[in-house]
Amino acid sequence: SKSAIDFLGKEWKYDCMGCAIAKHALIPPGGLIYEDKNFTLQQDPEIPIKGFLIINIKRHVHSITELSEEERNALGQLLTTAVNALKNLNITNEVTIIQEERSKHYHVWIFPTHSWMEEKIGKGVFHLKEMCEYAKKNASDEEKMEIVETVEKLKKEFKNSY
């Protein structure tokens with residue numbers, strides 16, 4: 001069993017985080033933004049960066065190459081809708097999309113760009129780890145509550161546009 005602590009301080013125990021979120025055994029801060037038969041969309045539970053979203057497939061799949069055509073099409077639509085929602089709500093003007101094959105649960109990161117990142121750290125994929133570490137160490141309680149409020153706004157945006 002593994003464990004993690006979300007950015008609100010709640011400890012999570014799980015065997016597979018993707019499965020636990022898909023089965024609603026773990027609820028990310030603010031809850032799921034979107035869910036369908038194949039995917040969940042939520043704020044990253046551990047990194048307090050407003051609009052840092054994760055699309056997670058519900059079944060154990062290691063790679064995008066293992067998705068069915070239906071799943072790939074649904075993923076593309078979900079990704080497009082999520083990025084548009086972040087931009088429509090003025091959360092970010094630019095994102096970095098990341099997918100790697102080290103997890104047994106295929107997921108995609110939608111990483112927003114915020115002005116503080118370039119001011120304090122730099123810009124681009126090279127700096128993502130440092131940005132995450134900075135946010136974990138420096139996010140105020142007020143900023144964390146703003147992230148949860150943003151999740152609510154994203155849920156509404158999804159209901160209106162998806």
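Biologist: Of the 162 residues of the chain, what percentage count as buried?

Modeller: A residue is buried when its relative accessible area is under 20%, exposed when it is over 50%, and partly exposed in between (1.4 Å probe, protein chains only). By that criterion, 49% of the 162 residues count as buried. Please note that this is a predicted model, in which local features need pLDDT of at least 70 and side-chain atom pairs count only at pLDDT 80 or more, while totals for chains, interfaces and linings use all residues. Residues are numbered from 1 along each chain as its sequence is written, and side-chain values use heavy atoms, with hydrogens and water left out.

Biologist: How many helices and strands does the chain have, and in what order do the elements run?

Modeller: Helices (H or I, at least four residues) and strands (E, at least two) are DSSP runs, numbered from the N terminus. The chain has 5 helices and 7 strands. From the N terminus on, the order is β-β-α-β-β-β-α-β-β-α-α-α. The radius of gyration is 15 Å, close to the 15 Å of the globule rule for 162 residues, so the chain is as compact as a globular protein of that length. That radius is taken over C-alpha atoms, and the rule is 2.2 Å times the number of residues to the power 0.38. Along its principal axes, the C-alpha trace spans about 40 × 35 × 30 Å.

Biologist: Which strands form the open sheet, and in what order?

Modeller: Two strands pair if DSSP finds at least two bridges between them. Here 5 strands form an open sheet in the order β3-β4-β5-β7-β6, with antiparallel pairing. β3 and β6 (95-98) stand at the edges, each with a single partner strand, so one side of each is left without a neighbour in the sheet.

Biologist: How many bridges does β4 make with β3 and with β5?

Modeller: Strand β3 (residues 34-35) pairs with β4 over 2 bridges in the antiparallel sense, and a hairpin of 3 residues joins the two. Within this pair, tyrosine 34 has leucine 41 of β4 as its bridge partner. On pairing with β5 (residues 53-57), β4 forms 5 bridges, again in the antiparallel sense. There, glutamine 43 stands opposite leucine 53 of β5. As for cover, 5 of the 5 residues of β4 (residues 39-43) are buried.

Biologist: Which residue of β7 stands opposite isoleucine 54?

Modeller: Tryptophan 109 of β7 stands opposite isoleucine 54. The strands concerned, β5 and β7 (residues 107-112), run antiparallel and are joined by 4 bridges.

Biologist: Which residues are in contact with methionine 17, leaving aside its neighbours within four places in sequence?

Modeller: Contact means heavy atoms within 4.5 Å. With those neighbours set aside, methionine 17 is in contact with Ala4, Trp12, Leu26, Pro45 and Glu46. Methionine 17 lies in helix α1 (residues 17-22) and is buried, at a relative accessible area of 19%. For the chain, residues 24 or more positions apart account for 53% of the contacts with a separation of 6 or more.

Biologist: Is lysine 137 buried or exposed?

Modeller: Lysine 137 is exposed, with a relative accessible area of 70%, and belongs to helix α4 (residues 128-138). Glutamate 130 is also found in helix α4, but counts as partly exposed at 42% relative accessibility. The C-alpha atoms of glutamate 130 and methionine 117, 13 residues apart in sequence, are 9.4 Å apart in space.

Biologist: How many positive and negative side chains does the chain have?

Modeller: Lys and Arg count as positive and Asp and Glu as negative, while His and the chain ends are not counted. The place of a charge is taken as NZ of Lys, CZ of Arg, CG of Asp or CD of Glu. The chain has 22 positive and 25 negative side chains, and the centres of the two sets lie 3 Å apart.
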